[in-house]
Amino acid sequence: MTQLIHKIILLLCILGSSASAYAATASEAEYKKLSKSWTLNADGSQEFRCNMELTIHTYTAMRNKYGESFVTYNPDYQTLTINSSYTKQKDGTIVKTPDNAFVEVLPSSAANAPYYNKLREMVIVHTGLELGATIYLDYTLTTKAGYLPELDILEPIEQSSPVKEYALSISVPDGDDLFYGIQNRDDRAKVSVNGGKLQVSWLLKNLPAASRAPYQRSDNSFLMATTYPSQKDAVKAIYAQMETKESMPLLSLAETVTAGKENDAEKVQAVLSFVHNDFAHSALSLEETGYMIRPVEDVINSAYGTETELVNLTQGLLNALKIKAEVCALYPISNPDDRMGLKPVHFFVKAEAGNRTWLLNPNSESMDKAGWQAGRGLVVEAKSGNAVDLAPVHADLRYNVDMTWAGDKASATVKADIPRALIAYTDTKAAAFTAGDSKAKVQASGETVHAEFASPVATNTQNGICMVALPDAPAGMAHSAYVRGNTTRDCNLELPYAADETYTYSVQVPAGKSCITPSAEKSLSNTAGALHISIRNTQGKVIVERSLKLHSATISKANYPAFHALLATWVNPNYTMLMFKDK
C-alpha cells in the first residue's frame, strides 16, 4: 500500500512538472532573439538583414509551422546570402543546415505568369529539429540600385509566436528625408548619425504573439517607414507606369468587348466582366514585382496580370470608351503625416456612368472594398495624389414576406429593399437575392434596389410535425461566417459594414393544421447593437418581426461577447423556424 502511495505521489509530481513546463511554454514556439535591419545606400541600393533564434516547443511548430523558412527574391536584381543556418538541439548539439536543405523554387504566386517566372523562392529546410531545439538563421538580401524606387517598410511587430527580444533598425544617408514610426505602440526610437548615416533603432522586449483570429484589420502594431516624400509621390510612382494615352489596341478591344451595349452602364459591366473572367489573375504583390507593372498591351497579349496590371487595363478600356475612369489608391489607415509609401496600398478604379459611381476591381464583380473601408482609411487619386471623398454606402436590408400554402407545399412572395452595394455589378437582375425567379421585378432607385419575387420555402415534416424555415437575405448576418465564431476574441473584429436588417413575415397557417410555435417577444440591447424578435400566433396567421442593428463595423474585443450574444440569438432556431401540426 505504501509503495502504491509513493507511485501515485511520483506520478502526480511528474504530471505537475509537465504542467509547469507547459505553462512556461504555452506557445508553440518562442523567438529568443529577432533582428531585422534595413539599409539604404547613397547609390540607391538596399540591404535587408534578418537574424532569428527560434526555440521549438510543440510538434505542430516543429513539423508544420516552423520546419521551413521562405525568402522570395528576384535574382536579376537581388542577391540572397545565407550568413548562417543551423539548429542547436536541447543537449547543445549543433546541426548545420546541409547544402541540399536549401531548395530554390518558383514562388507559388508566380505560377502561370511566365513574365515573372524569373522570381525565386529560397526554401530553407531546418534540420535536426526536436522539442526544445533552437533554430538559428541569419540572411541578407541585397538589392541593386534602380530596382526598388524608395525605401518602403511596413513590418508587423507582433509575430506568430512570442518574442523575448526584437531589434529593429533603419539606416539611410544623412540628409535623406526618412519618415518612420511604430503604430499602436509608444516606443521611442534611438536616433544617431554616424559616418554620414542616419540610424534609427528600437529594442523591444517580451512581445506577445500576434492574434490568429480571422477578420482583423490594424489592431496589431507595426513599423512603418518610407523615404517617399509624400503619399502623392508614392502613388505617382505607379501611375507613371499606367496607360494614360489612347491606343489602337485598347480602342479596338474596348469596342469588341462592348459590342451591342446600349449605354455606358452596360459598357462598364461588360468591361468588368471581361477583365474578371477572361484574364488569369496573378497573386503577385507590387512588392514582389519590384513595384513595376507591365504595359497594358503585354497584359492583353498574355491574357494574365497582377491585380494592379488588371486595374490599369480596366481603366484603359473605360477611357478608350470615353467613360470617365480614374485609378485610385486605398490606404487602410489615415496617417496625419501624409507618409505611408506603397507597402499598404490597394488600387482600384473609380468610374462614373449611368448616374452612378462604380468602384471596380478586376478580382471581383462586386463593389471594391474601398466602398466599405473609405471611412476607416484614406482614398487618393493615383494621378494627382489628392484625397478622394467617396460617398458613403449603406447595407440596410428590408424584407416583407407573405407565405401561403398549396396543400403541403409553402411558397413566399417577397418584397425587398436591397442595398446596391450588396449586389454584384454584373448581376443586373439581383439574381443572387431573387432566388432564381425569372419573373422577378427589379428596379433601382439611388443606392437601393427594390425587388419583388417568389421565393421557395424550406419545409421538413417528421412525425406529423412540419417545420418551416423563414426565408431571409442570402447576404444577411445569419449566413455569415461570424455566427460560427468563438464566444471570446483576443483582438478587434472588423466587419465589412454595420448590419441593419429588418424582416416582417405574414405566414398563413395551413389548412387542417395549427401553429405550435408559441408567441414570443425577445429584445436584446448591448454595447454591440440591438435586436428585436416578435412572434404573434394569431387566428389563421403567424406574424413574425425580426430586426438586427449593429452600432459599428468595428467590434472591439471588449464588445465581442456582446456581439456574439446578439448573433447567437439572431440564428436561434426557436426564432427562425415555425412548427405546425395536424389538428
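Tutor: Some context first: of the 583 residues in the chain, 46% count as buried. Keep in mind that this is a predicted model. The chain has 10 helices and 34 strands, and 71% of the contacts between residues at least 6 apart in sequence join residues at least 24 apart.

Now the salt bridges: a search of the whole structure turns up 15. Take arginine 376 and glutamate 494, whose side chains meet at 2.4 Å, N to O. This pair links distant parts of the chain, 118 residues apart, with arginine 376 in the loop between α8 and β20 and glutamate 494 in strand β27. Arginine 376 is partly exposed, at 21% relative accessible area, while glutamate 494 counts as buried because its value of 14% is under 20%.

Next come lysine 513 and aspartate 582, with their closest N and O atoms 2.7 Å apart. Lysine 513 sits in strand β29 and aspartate 582 in strand β34, so the pair ties together parts 69 residues apart in sequence. Here lysine 513 is buried at 15%, and aspartate 582 is partly exposed at 46%.

Then there's glutamate 287 with lysine 343, at 3.5 Å between the closest N and O atoms. Both sit in loops: glutamate 287 between β15 and α6, lysine 343 between β17 and β18, 56 residues apart. Glutamate 287 is partly exposed at 44%, and lysine 343 is partly exposed at 24%.

Finally, have a look at Glu326, Lys350 and Glu352, which are linked in a network of salt bridges.

Key: Residues numbered from 1 in each chain as written. Predicted model: local features only at pLDDT ≥ 70, side-chain atom pairs only at ≥ 80, totals over all residues. Heavy atoms only, no water. Helix = DSSP H or I, 4+ residues; strand = E, 2+ residues; numbered from the N terminus. Buried < 20%, exposed > 50% of the residue type's maximum accessible area, 1.4 Å probe, protein only. Contact = heavy atoms within 4.5 Å. Salt bridge = Lys/Arg side-chain N within 4 Å of Asp/Glu carboxyl O.
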